[in-house]
Amino acid sequence: MSFESFGLASTILKGIQEAGYQVPTPIQQKAIPVLLQGRDIIGCAQTGTGKTAAFVLPILHRIKPERRLRALILVPTRELALQVGESIRTYGRHTGVRSATIYGGVKIEPQIKTLRQGVDLIVATPGRLLDHVERGNVEFSALNTLVLDEADRMLDMGFIPDIRRIIRKLPRDRHTMMFSATMPLEIRSLTREMLRDPVTVEATPSSTAADGLTHRVFPVPAHLKGKLLLNLLEREKAESALIFVRTRRGVEKLARLLQGKGHRIARLHSDRTQGQREKALSDFRLGKSQILVATNIAARGLDIDGISHVFSYDVPDHPDDYIHRSGRTARAGEKGDAVILMSPEEADALKSIEKHLNGALIWAMHPDFNYTEPSPTSGGASFRHRPALAPVEAKPPRSRNPFGRRKREESRRIKT
Ligand code: AMP
């Protein structure tokens with residue numbers, strides 16, 4: 001899919017070309033056609049997905065440069081205001097559309113001057129915008145488009161009352177878009193108040209994860225990892241799981257534990273012969289083994305469809321390794337689960353992965369699992385902040401939709 005195929009104005013296409021974009025990101029592919037039709041939208045997307053262009057391009061396409069305020073984009077922070085303002089200038093360079101970027105912590109007079117000259121579009125943080133509204137610097141009567149960006153952060157920062165105050169001043173007949181990385185209850189109820197018959201589109205950051213891939217981390221004492229893994233395999237009905245273990249010995253040990261519990265296992269690591277490795281892969285591919293236990297050797301280059309779960313039994317040292325591991329699931333538009341088992345000793349390594357995932361990592365706890373069982377050898381680190389960890393429940397079991405299973409089985413084939 002190309003930007004041309006959306007039917008955007010040639011002036012906008014020129015701006016996109018100059019920005020160096022060649023193909024639309026997934027959120028752009030999903031959101032732009034919906035927005036060009038004038039439908040309201042809820043976009044579940046965070047920074048890094050290309051969400052800004054997803055709403056800015058249709059706005060630019062639909063407004064004429066008349067210096068009458070048509071569109072308002074509300075953002076939670078000054079940094080985001082500047083960023084979005086910059087994007088508008090980049091994409092809209094050849095459209096003649098004028099915009100103002102309004103935020104607090106700076107002198108108000110230059111902003112008043114810009115507003116008085118007339119603008120088509122405003123990007124603003126809520127507090128300073130209300131200040132301008134109260135001073136009579138902004139006139140909303142011709143406004144027909146509203147965007148609420150990073151709504152969940154607005155909520156965290158206590159801006160929802162300000163948002164409501166602003167919305168009350170806007171024409172009711174308008175095109176509304178809301179973007180939020182997460183959808184807490186308060187945001188859901190705000191969508192019901194603000195949006196008319198919205199279409200929901202979702203995207204995860206393109207640099208880190210495919211669509212449909214969820215990332216969870218389960219903090220667990222090192223000596224209980226095996227037990228927790230067995231529990232999760234059972235609870236989540238993992239149909240086809242790839243489990244990464246740091247060392248060859250670790251692979252062997254875990255494979256014995258899983259085999260002892262009746263799981264059909266294949267093993268892959270560099271101590272095995274070429275023949276053994278090929279057999280392991282083909283058993284896994286054909287579904288003779290439900291689980292492949294492997295060192296990182298299997299993380300790169302391996303292209304197997306239909307893997308439902310990727311477990312990192314150890315936290316990899318580098319985020320890139322984790323991205324390669326988790327990328328073995330949720331391929332070709334399917335859903336997939338990437339799960340990390342993290343012992344207290346691995347908390348530092350996890351931090352860089354968490355940062356890399358940019359808000360996509362969910363902290364999880366298995367509600368029925370005994371995390372306090374002592375180690376047979378005792379000792380070992382424990383979580384200093386355990387009570388505060390992971391208020392999130394483990395996911396409910398996957399549905400056993402027979403169609404989903406058949407589809408997965410059909411598509412289980414190695415491409416390379
Ligand atoms: P955003 O999620 O809107 O903050 O965008 C994240 C980054 O992706 C920004 O640096 C954009 O310039 C860039 N970007 C947005 N859309 C595209 C695209 N279609 N192709 C390449 N880069 C893009």
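I worked on a predicted model, where local features need pLDDT of at least 70, side-chain atom pairs count only at pLDDT 80 or more, and totals for chains, interfaces and linings use all residues. Residues are numbered from 1 along each chain as its sequence is written, and side-chain values use heavy atoms, with hydrogens and water left out.

Whole protein. I found 15 helices and 14 strands, taken as DSSP runs (H or I, at least four residues; E, at least two). Of the 416 residues, 53% are buried, meaning under 20% relative accessible area with a 1.4 Å probe, protein chains only. I then looked at contacts (heavy atoms within 4.5 Å): among those with a separation of 6 or more, 76% join residues 24 or more positions apart.

Ligand shell. I listed residues with a heavy atom within 4 Å of the ligand; among them are Phe3, Val23, Pro24, Gln28 and Lys51. The shell divides into 4 nonpolar, 7 polar and 1 charged residues, with Gly counted as polar and Tyr as nonpolar.

Polar contacts. I took pairs of N or O atoms within 3.5 Å. Tyr21 places a polar side-chain atom 2.4 Å from a ligand oxygen. Thr49 has a polar backbone atom 3.1 Å from an oxygen atom of the ligand, and for a backbone N or O atom of Lys51 the distance to a ligand oxygen is 3.3 Å. On its own the ligand has 500 Å² of accessible area, and the protein covers 67% of it.

Definitions and conventions. Buried < 20%, exposed > 50% of the residue type's maximum accessible area, 1.4 Å probe, protein only. Polar contact = N/O pair within 3.5 Å; in protein donor to acceptor, adjacent residues only side chain to side chain. Areas by Shrake-Rupley, 256 points an atom, 1.4 Å probe, with all protein chains shown as cover.
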